[in-house]
Amino acid sequence: PGFEAAELEATVHRLARTLVRRVRAERINSDDQALAMARKVAEKFPKPPGIRSVRFVTTQRARWGSYSPSTGVVRLHAALRELPPWVLEAVVAHELAHAFHSDHSAAFWGLVRRVCPKTDRANAFLEGVSWISERWERLPPVERALLAGS
């Protein structure tokens, strides 16, 4: 009982993607700069949420980040590592604010904006990043080259 060629190729591609993601995750999590930044952001809250670790993850697709108050773990989309620091700080502030408000109420946004005054700017930036990334492959090569600075 052997593998069909197509099945074997699909399995090899899946395993290769997993390996590449793991190597990338190890590389982008090789220092504690994000942990230090997150703790600095946490100190701006009236009652600082506890942070045990910060991990950039390569498997997150639908959200920019998450925070578990019970474990103190902040998980961040790997792409954030390449964005301006003020965007990363705003995402961390957003996630930590969920320790106080589980929703996106006016009180939640008020807290996030007090902790991180650049929140609205960062949200607009992330909306632009999301918009272009969703359309990147459909853009004509000329526009991709212009946007990429090539």
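Residues are classed here as nonpolar (Ala, Val, Leu, Ile, Met, Phe, Trp, Tyr, Cys and Pro), charged (Asp, Glu, Lys and Arg) or polar (the others, Gly among them). The model is predicted, so local features need pLDDT of at least 70 and side-chain atom pairs pLDDT 80 or more, while totals for chains, interfaces and linings use all residues. Numbering starts from 1 along each chain as its sequence is written, and side-chain values use heavy atoms, without hydrogens and water.

The lining of the largest pocket comprises ten nonpolar, ten polar and six charged residues. Among its 26 lining residues, A62, R63, W64, G65 and H77 lie nearest the centre. A pocket is an open set of points on a 1 Å grid over the protein atoms alone, where a 1.4 Å probe fits, with protein on both sides within 12 Å along at least five of seven lines; lining residues have an atom within 4 Å of a point. At least two lining residues come from each of α1 (5-28), β2 (65-68), α3, α4 and α5; helices (H or I, at least four residues) and strands (E, at least two) are DSSP runs numbered from the N terminus.

Residues A93, H94 and A97 of α3 meet F108, W109, L111, V112 and V115 of α4, contact meaning heavy atoms within 4.5 Å. By class, this contact of α3 with α4 has seven nonpolar, one polar and no charged residues. Further along, W109, V112 and R113 of α4 meet T119, D120 and N123 of α5. The contact of α4 with α5 has two nonpolar, two polar and two charged residues.
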